[in-house]
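Here are some notes for a colleague who is looking over this model. They take the packing, then the helices and strands, and last the confidence scores.

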Amino acid sequence: MSADVEFENLVKLYYRDLYRFGLSLTGSEADAADLTQQTFYIWANKGYQLHKPASVKGWLFTTLHREFLKGCRRRNRFPSESIDEHTQDLPSVPADCAHQTDSQTLLRILGEIAEDFRAPLVLYYMEDLSYKEIADVLALPLGTVQSRIARAKIQLLRRLSESNLPLEEAK
Amino acid sequence: MNTREAKQILLLYRGAIDDADPQFRAALDYAKSDPELSQWLREQSECYDAIRTKLRAIEPPVGLSEKIVRRRPIPFAHDWSRIVQLAAAIFISASVTGLLLKWSERRHHVAGPQEIVVTGEVLDMTCYIASNLSGPDHAKCARICIRSGEPAGIKARDGKVYLLTGEPGHSINAELAEYAAQVVTIKGKQSVRDGFAQLQVEEIRKL
C-alpha cells in the first residue's frame, strides 16, 4: 500500500474522533478542525517513528492533546482528589436528561468543566480508549485519570440536572 | 464491600469495554445481589450511553478529511534501516574515493621543479618517438619539425629523454631548432608527471 493511500485511510479512520475530542476541548469548530489538521500534519512528519500500528490511535490523541495544551495557558488547575471524597455527592440523573440534551448544549456544559478534567472525561465518553490508554494519552498516572474522570463526571451530571435550558431532541 | 464502595467503583464502569478490567469485577458481582445498586447502575449506564451518543453524533465540517489529505506535507520515508544503509554506503564510498585519490596522487606524483643540467642530443620528439629517428642523418628533418612547432626534447647520456619547453606561453622552438640533432648542455627546471620528464629551458650551451 502506498504511503498516500495509507495516510488517507488513517485520516478516514480517525479524523472524526479526533475532531470530536478537539471540539470538546476547545468548544470551537474552527479550533477543533485546526487541531485535527495539525495532528495529522505532525503524523505525516513524525509518524514514521511509531513502529506499532496498534498504538497509532493513542499517538494521535496524545498529539492532539499536546497541541491543545501548547495553544492555551493552563489555568485553574484542580488538585488531584480521590474518588472517595466525591462519590457520595453523585447526583442522580435520569437518563432522559441526557437524552433530551442536544450535542451543542452538551458541548457547552463540557466547556464549563475545568480543562484538566475535561480531556479525560471526553476520552472516557468516547469509549475508544482503555483507562490505561487514556492515562498514556494525557501523560498522567492511572489513578489520577480515574479520579479526574469521576470528579468531572459528577460535575457534568450536576450541570445537566441543573440546566434550565430548553432541551431539544437530538437528530 | 458495601453499596457505597461499589458505587465508587462502578461510577467509572462503561459497559462492555470495561468488562475485561478486573477492577470492576467484584463490584459488578455485588450489584447483582443489590437491587437498588442494580437500578442505579442501569440509570448510570443509560445516561452514559446517551451522552456518548450525543458526542458521537457530532460530525466534522464537510471536506475536513479532504483538506487534511490535501495539505499533507511531502512525506520523507524515515526508514532507519535504509538510512543506515545509505550512510554506510556514503561512508564506504567516501573512504574508497579517499584511498583512490591518495593512490592516484602517488601514482601521478608530480615532482616539484628542480634545477638540473642535462647534456645530450636535441631531438625532434615526433620523429623520435614515432620512428626512432635521431642523430646527424635526421638533423635536417629535426630542424624543420622543431621550427614548425613540433615538440623538442633532449636525450641525456644516460638515455633519459626530457621534453624541452620554454617559460609558460613562450615557445623556444626557434632557438632549439638551431641545435637540432646536436649535443648540447641545457640548464633548466625539471618536472615529472606520470613518469614523463619535462625540462623548462633556462640556458643552452653548445658543446
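1. This is a predicted model, and its largest nonpolar core has 59 residues. Within that core the members that touch the most others are Leu121(A), Leu123(A), Leu156(A) and Leu10(B). Helix α1 of chain A, residues 3–26, supplies the largest share of the core, with nine residues.

2. Leu10(B) deserves a look of its own. Leaving aside residues up to four places away in sequence, Leu10(B) touches Phe24(B), Ala27(B), Ala31(B) and Leu41(B).

3. Chain A has nine helices and zero strands, so written from the N terminus its elements read α-α-α-α-α-α-α-α-α. The chain has 171 residues, of which 39% count as buried. Taking the contacts in chain A between residues at least 6 apart in sequence, 73% join residues at least 24 apart.

4. Helix α2 of chain A covers residues 29–46, which is 18 residues. The distance from its first C-alpha to its last is 25 Å, close to the 26 Å expected at 1.5 Å a residue. The buried residues of α2(A) are Ala32(A), Ala33(A), Leu35(A), Thr36(A), Gln37(A), Thr39(A), Phe40(A), Trp43(A) and Ala44(A).

5. Buried positions in α3(A) are Leu60(A), Phe61(A), Thr63(A), Leu64(A), His65(A) and Phe68(A).

6. In chain B, strands β4 (residues 183–193) and β5 (residues 196–206) run antiparallel and are joined by 10 bridges. Two of the facing positions can be named: Val184(B) is opposite Lys206(B) of β5(B), and Ile186(B) is opposite Ile204(B) of β5(B). The hairpin that β4(B) and β5(B) form has two residues between the strands, and Asp194(B) there takes a positive phi near 55 degrees.

7. Strand β5(B) also pairs with strand β3 of chain B, residues 161–165. These two strands run parallel, with three bridges between them. Thr165(B) has Gln200(B) of β5(B) as its bridge partner. Strand β5(B) thus has an antiparallel partner in β4(B) and a parallel one in β3(B).

8. The confidence of chain A should be read along the sequence. Its average pLDDT is 78, and 73% of the residues score at least 70. Over residues 74–86 of chain A the pLDDT is below 50, and this stretch has 21 contacts in the model beyond near neighbours in sequence. Residues 164–171 of chain A also have a pLDDT below 50, with nine contacts beyond near neighbours in sequence.

9. Chain B averages a pLDDT of 86, and 93% of its residues score at least 70. Which elements of chain B have the lowest and the highest mean pLDDT? The lowest, 82, belongs to helix α5(B), residues 80–107, and the highest, 94, to strand β3(B).

10. For the complex as a whole, the predictor gives an ipTM of 0.74 and a pTM of 0.55.

Conventions
Residues numbered from 1 in each chain as written. Chains lettered and ligands numbered in written order. Predicted model: local features only at pLDDT ≥ 70, side-chain atom pairs only at ≥ 80, totals over all residues. Helix = DSSP H or I, 4+ residues; strand = E, 2+ residues; numbered from the N terminus. Buried ≥ 20, exposed ≤ 12 C-beta atoms within 10 Å, placed from the backbone. Contact = placed C-beta atoms within 7 Å. pLDDT = per-residue confidence, 0-100. Core = buried A, V, L, I, M, F, W, Y, C linked by C-beta atoms within 7 Å. Expected span 1.5 Å × (residues − 1).
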